[in-house]
Amino acid sequence: MTVAQEMETLLKGAFAPSKLEIINDSAKHSGHSGDDGSGESHFTIVIESEHFSGVSRLNRQRMIIGALGDIPGQRVHALAIKASAPDE
């Protein structure tokens, strides 16, 4: 299972998102700091879920990072997060 697939599974289980995109940005960072050569070092997550209604942007990011366990910072160098509630 790729890191992207693992993130998708974890996020679907935690948030039942109405929208989820996991974009691998690693090719844009080839040879830069944090590029471990795996092709899975930099990602953008776009997620929409009811779980984020009434939750601040910072707490949404904390929720997502928490759901991903050891992936951010350990197995993925950079993670951009765009989290929203359906009514936004």
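Is Lys-12 buried, partly exposed or exposed? Lys-12 is partly exposed, because its relative accessible area is 44%. Before I go on, please keep in mind that this is a predicted model.

Let me stay with Lys-12 for a moment. Its salt-bridge partner is Glu-8, and the closest N and O atoms of the two are 2.8 Å apart. Both residues belong to helix α1, four residues apart, which is about one turn of the helix. An α-helix has 3.6 residues a turn, so residues three or four places apart point the same way. Glu-8 is partly exposed as well, at a relative accessible area of 33%.

Now the helix itself. α1 runs over residues 3-15, 13 residues in total. From first C-alpha to last, α1 reaches 18 Å, close to the 18 Å expected at 1.5 Å a residue. Its buried residues are Val-3, Met-7, Leu-11 and Phe-15. They cover an arc of only 65° around the axis, which puts them on the same side of α1. What do they pack against? The partners are strands β1, β2 and β3 and helices α2 and α3. Just after the helix, Ala-16 has a positive phi of about 40°.

Next, the core. The largest nonpolar core has 14 residues, and those touching the most other members are Met-7, Leu-11, Ile-45, Ile-47, Ile-64 and Leu-68. α1 gives the most, with four. Take Ile-47 as an example: beyond four places in sequence, its contacts include Leu-11, Phe-15, Phe-52, Ile-64 and Ala-83.

Back to charges. The count of salt bridges comes to five. One of them joins Lys-19 to Glu-21, with the closest N and O atoms 3.8 Å apart. Lys-19 is partly exposed at 39% relative accessibility, and Glu-21 is partly exposed at 35%. Glu-6, Asp-70 and Arg-75 are linked in a network of salt bridges.

The last pair is Arg-60 and Glu-88, whose closest N and O atoms are 2.6 Å apart. Arg-60 sits in helix α2 and Glu-88 in the segment after β3, so the pair ties together parts that are 28 residues apart in sequence. Which of these two is buried, and which exposed? Arg-60 counts as buried because its relative accessibility is 6%, under the 20% cut-off. Glu-88 is exposed, with a relative accessible area of 57%. Besides Glu-88, Arg-60 is in contact with residues including Phe-52, Val-55 and Ala-83. The C-alpha atoms of Arg-60 and Ile-81 are separated by 9.0 Å, and these residues are 21 apart along the chain.

Terms used:
Residues numbered from 1 in each chain as written. Predicted model: local features only at pLDDT ≥ 70, side-chain atom pairs only at ≥ 80, totals over all residues. Heavy atoms only, no water. Helix = DSSP H or I, 4+ residues; strand = E, 2+ residues; numbered from the N terminus. Expected span 1.5 Å × (residues − 1). Buried < 20%, exposed > 50% of the residue type's maximum accessible area, 1.4 Å probe, protein only. Arc of directions from axis to C-beta. Contact = heavy atoms within 4.5 Å. Core = buried A, V, L, I, M, F, W, Y, C linked by side-chain atoms within 4.5 Å. Salt bridge = Lys/Arg side-chain N within 4 Å of Asp/Glu carboxyl O.
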